Amino acid sequence: MTRHFSRKTLLKWAPLLVLLVLVVFFTAINPAFFSLRNFARIAITSSPALMVAIGVTFIIIMGSIDLSMEGAISFSAVVFAFMFKFLGGTLDSWGWLALPLIVLCGAVFGWVNGMIHVRLRIPSFMASLAMGFVGTGAAILLTGGNIVKVDDELFRGLLTVRYFGFPIMVYVAVFFLLVGAFVQSYTPLGRNFYAVGGGEDLAHASGVKVRRVRVMGFAIAGAYYAIAAILAVGKIGQAESVSGANFMFISITSVVVGGVALWGGTGGVWNALVGVLIVSVINNGMVVIGLPDFIQDGMLGLLVIIAVVLSTDRRSIQVVK
Amino acid sequence: MDFQRFKPHLPWITLVVLVAFVGMVDDTFLRPANLLSLAGDIVPLFIMALGLTFAIYIGGIDLSAQSMANLITVVASVYLASFGWGVAVLCLLVGFGFGMVSGYVTTRLLVPSFISTLAVGGVAFSLAQFLSGQRALNMDAAQRDAVFGWMIGKTGPVPNELFIAAGLLAITLFIERRTTLGRALKAVGAGEPAAAASGINVARYKILAFAISGTLAATAGLLFAVKLSGGAPTIANGFLLPAIVAVLVGGTPLTGGVGGVLNTAIGTLIVAVIRSSMLYFNIQATQQQMVFGLVLIGAIALTIDRAKLRTVK
């Protein structure tokens, strides 16, 4: 009994242990890795990725998958940039209104995604993949392929203004992480995500409105992608149709590395946090220890496999797809 | 008409309707020469999709296909001079080997194929960058024509690539329908625990499915390298998602066990027709991606046979 308990505990904390081992490993090779400056750098790259990962975590808990994030982020980023400019171009005036509006806009995008998935009964992989094309397409259409600059000093404060060494965007990300944790643990919706992921038929039989829960999940994910878009625009000061590029694979990889099972029902936003940090630390660490850049993709692949092997409970698995 | 019996035929009906629709708007589209060149152009995409079909058929996914094709364009360009036609064997072996690694990591280390193939793709990408020295490479034109010229020529009005595609389709169709391997893959896709319980060596067949996927991705890369007379670590980028879409639109859903290589042939043609129809409908370049996405939702909604999906995840 005790042994069983300790194994479970170990598995629960395995992703965090992997993260710690990585930090120790990179620090041992180059002590410069372990500095506030470098941690701030890791936190900055992690912030938008974390928002995407939290969004997709809710979907994965339900046993579905969402591949629309690249399109959703590009679309939200571009709409945000235009709206921000239209409303005055600075947070001083009505420009701030663009922030809540774009989160709403992202939620609507996700809602449409969810409706296509649920109403047309298209598996989420395909529905969201197609919606991703639509999002990227809409971003290309709006910008005509150009870059939209957002250079308001106040808005760029997300990156430039620092407290305790970390820029504001990191605190924004932490705030929405806590919101995500709250939704997950303290709302009926959050518990219903787990119910649907644990067994859809069972959830349905016990009175959970499965379709509504699914659509809500996609809407919340969409809102998180919009927040990621705002942070990504704040980070580089511009929006374009490729603003969302690369977020798809990184975010899903992070979520899985953090210990969220792709078949649903387990894991949560804290796993997403650890997973994002693991991937960011690997990426950052490879640069800091001076690995040639052409090896890095392969190395990331190998380390991710090792991290998944170490950090997921694979004894309980029957089928791996 | 019984709708249940009608459903499996939806993919090719969608294709015929699409072709007829585009043909009505502009009848130059229906000219045999145009249709043949359209079909010839998508052969590398088709071969990649053919491979992906096996991974998706067993309920997995192979995200390494694009990196694999990239790697093979580099391998083919680098070693053509020293190995001659033997480079084709080398390319297929590399594809088979990487596919087996993906399968091994998925089945023995229990890493979901979404992650394992992505990771193996990363390794392939690194290897391609290393071999190519991060440059675009060119093949020696004379040697390419001598060794692989037959791949890209024409027999009468028909591009030779179409014969290659037809040959591969026939082989994969044979594997799917007439071999133990094909039956086993269907069993694994339809229900893995049941397949395992009835004594099928699930892991071995899954590894083989990924190896087939890798081999076909390598074939696509080789053809691509011959067509472009060179290779680079990113030359085939942008192929992966259309290839997945082709498999899905054809009616092989990600849940596995349903669909097959014939579906993929139809799916690839649907994707090709949608893409090229944009020209005939005068859709601006900036609008194409969005229209593609919207048409895709419609096409998928039409072509999936939902009767065989228990829950829609």
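**Exercise 1. Work out which residues of helix 4 of chain B meet helix 13 of chain B, and describe the packing.**

Step 1: list the partners. B:Leu45, B:Met48, B:Ala49, B:Leu52, B:Thr53 and B:Ile56 of helix 4 touch B:Pro242, B:Ala243, B:Ile244, B:Ala246 and B:Val247 of helix 13 (contact is heavy atoms within 4.5 Å; helices are DSSP runs of H or I, at least four residues, and strands are runs of E, at least two, numbered from the N terminus).

Step 2: sort them. This contact holds 10 nonpolar residues, one polar and no charged (Ala, Val, Leu, Ile, Met, Phe, Trp, Tyr, Cys and Pro count as nonpolar, Asp, Glu, Lys and Arg as charged, the others, Gly among them, as polar).

Step 3: The axes of helix 4 (residues 43–57) and helix 13 (residues 240–250) of chain B come within 8 Å and cross at roughly 60 degrees (lines fitted to C-alpha atoms over the stretch in contact, with angles from 0 to 180 degrees between N-to-C directions).

A note on the model: it is predicted, and local features need pLDDT of at least 70, side-chain atom pairs pLDDT 80 or more, while totals for chains, interfaces and linings use all residues. Residues are numbered from 1 along each chain, chains are lettered from A and ligands numbered from 1 as written, and side-chain values use heavy atoms, without hydrogens and water.

**Exercise 2. Describe the overall build of chain A.**

Step 1: chain A has 13 helices and four strands.

Step 2: its C-alpha atoms fill a box of roughly 65 × 55 × 35 Å along the principal axes.

Step 3: of the 321 residues in chain A, 56% are buried (under 20% relative accessible area, 1.4 Å probe, protein chains only).

Definitions and conventions
Buried < 20%, exposed > 50% of the residue type's maximum accessible area, 1.4 Å probe, protein only.
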